[in-house]
Amino acid sequence: MTLILALTGASTAQQIDLIQNPSARQGTSLNGRWQTLMDPYEAGYYDFHLNPIPDGGLGANRVPKDKGDKYELTFLPATPALQVPGDWNTQKPELLWYEGSIWYRREFDYAPRATPRRQFLWFGAANYQAVVFVNGKKVGQHEGGFTPFQFEVTGLLKERANAVIVKVDNQRHPDAVPPTMTDWWNYGGLTRDVKLVDVPETFIQDYQVQLERGSLNSVAGWVRLNGTHKRQKVVIRIPETGSSASVETGEDGYAQFAFPATLSLWSPETPKLYEVLVEAETDRVQDRIGFRSIATSGTKILLNGKPVFLRGVAIHAEAPFRSGRVFSEAEARTLLGWAKELGCNFVRLAHYPHDEVMTHLADEMGLMVWSEIPVYWAVQWENPVVYAKAERQLAEMISRDKNRASVVLWSVANETPLGDARTKFLSSLATKARELDPTRLITAATLPHGGAPNTIMIDDPLGKVLDVLGCNEYIGWYDGPPEKADRTSFQTVYDKPLVMSEFGAEAPAGNHGSEGTAWTEEYQANVYRHQMAMLQRIPFLQGMAAWILMDFRCPRRFLSGVQDYYNRKGLLSDRGEKKAAYYVLSDFYHSPAAAR
Ligand code: GCU
């Protein structure tokens, strides 16, 4: 036991009020069948003059009083239902293309406890905008389809038949993040777990426990209490190592700590996780955390102080076999299992934070993770409201996964056009990410720029503020024939590592023909062969993420009989069929050349 007088007051961490590790807290899962009403005209929320209905409309949870009651905005017993978690698009054929609002309603009982406690309604994610009502009272709203949010409902609950009603709207808007044009299906709904979290009056709201930056044997972090009894003794313990620290939180409930520990470090080969206990006088949280350091040195990426090459593949949160948003451990394990089998030690979770089941499993299975916010293609760079939305999503992403050893890279953007406003926007996000979490690397997927003939320059001005450059190139597909890779070289203006964050080609599984015939497996495999040779010639390349592990639904891909609204750049089809290119990449990843 090491006693450390904690630094109180000056908290460095951004005040994101998310409850850390809600799955380890007491409470009630609200997953299951929810009544649902499609409302494309938002008649459940606005009156005919588009004024918000004062009592919340459908959110008011009004039920007809008697047989003469003509009230329309209500969920009658005959109301159809959908499964939560789950996107609505793949649950009913008529909803596949639906973009608009759907109202969700479910009831739950709540058994009050003897001691004073607090209740929070927690959502893993809702795409895209959610307005939440409890027992007819609006408790809050959230924008952003891929990060968690919660609202306190203490004092609003009764013992029987509490009604939670959520209006979820997945309509796309130019001032949204992501904006209107993306290359993935705009799955809507309550796409992740919903939980009523029940905590003591003063509880452990948030904590970070990681290796101290630049150290391999010192654990550092902070803890924050929320409640009336903020000044408490808190013990952070790693029982297996016998190491711990005891701190005193300040008036603001905050304390930092650091203590020595002898740890076997987390890595893809040895994904060691430790039970970590955070114990305050009024609350206790248990977590499973891996300890590893990640850093750069010149053009090298260092994992636990040693150079590492990121053998990766990109993954969309598209469920194998059934399509739709991934939310279950089984589906996450299938996708990450395929990546492992491919020879990967790294996955790029594109282009938005995936369900936390993915990052928890990556911790367990030993896969380093690139996690990204959907600042994608044409964002309104000059709009401060849009910047605030992006920064909020960044803070929520980092808050949720800051204790996941697998997450080594935070990405602030994908394929954004050069321009001062854009670079300023993204530089601010990168700076914010570093402030929120100084223990991880900051990156972005940039676009390649031409230099001298047959030369691609890595010179995006954003590179100045990034730790690792990401670059998406499609030589052999969008950019020339596959052989063009043979005469292409890369140069960089940065003494920083490069990760080729996308490369690839498209072919539906089973479509065969000559190497020169586009859309065939042979053409795709040929692109990969030329890519592997080209990538190995780049001296500052420290990783790659092939686009993409599995075919995924996409409204922009409508080549009949070929794409049929799927992006077919997967190395596996959406039914898990391995394409010829899969073996080209797998051979490389299992070869000594990839272990550089
Ligand atoms: C882009 C983009 C992806 C897209 C891919 C493609 O690079 O980042 O989201 O799916 O290219 O064209 O297949």
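Q: How many cavities of 30 Å³ or more are counted here?
A: The count comes to five cavities of 30 Å³ or more. Keep in mind that this is a predicted model.

Q: What makes a space a cavity rather than a pocket?
A: It's about the way out: a 1.4 Å probe fits in a cavity but cannot get out, whereas a pocket is an open set of points. The largest cavity holds about 120 Å³ of space, and the largest pocket holds about 570 Å³.

Q: How do you know which residues line the largest cavity?
A: A lining residue needs an atom within 4 Å of a grid point. For the largest cavity, 13 residues make the list, and Asn 127, Arg 172, Pro 178, Pro 179 and Asn 186 lie nearest its centre. Six residues of that lining are nonpolar, six are polar and one is charged.

Q: Which residues lie nearest the centre of the largest pocket?
A: That would be Ser 23, Asp 193, Glu 356, Val 357 and His 360, out of 28 lining residues. Helix α2 (356-365) is one of the elements that supply at least two lining residues, along with β11 (194-200), β18 (284-289) and α1 (329-341). The largest share, six residues, comes from α2.

Q: What kinds of residues make up the lining of the largest pocket?
A: There are 13 charged, eight polar and seven nonpolar residues. Asp 193 and Glu 356 are among those nearest the centre, and both count as charged because Asp and Glu belong to that class.

Q: What is the peptide bond into His 351 like, cis or trans?
A: The bond from Ala 350 to His 351 is cis, with omega near -20°. His 351 sits in the loop between β23 (346-349) and α2. The bond from Val 84 to Pro 85 is also cis, with omega near 0°, and Pro 85 lies in the loop between β4 (81-84) and β5 (101-108).

Q: What is the phi of Leu 50?
A: It's positive, about 65°, although Leu 50 is not a glycine. Leu 50 is found in the loop between β3 (32-38) and β4.

Q: Why are β28 and β30 called paired?
A: Two strands pair if there are at least two bridges between them. Strand β28 (residues 455-458) and β30 share four bridges in the parallel sense, so they pass. In one of these, Ile 456 has Phe 490 of β30 as its bridge partner.

Q: What makes β27 and β30 edge strands?
A: Their open sheet has three strands in the order β27-β28-β30, with mixed pairing. Both β27 (449-450) and β30 (489-492) pair on one side only.

Key: Residues numbered from 1 in each chain as written. Predicted model: local features only at pLDDT ≥ 70, side-chain atom pairs only at ≥ 80, totals over all residues. Heavy atoms only, no water. 1 Å grid on protein atoms, 1.4 Å probe; cavity = no way out; pocket = protein on both sides within 12 Å on 5 of 7 lines; lining within 4 Å. Points joined across faces, edges and corners; volume = space filled by probe spheres on them.
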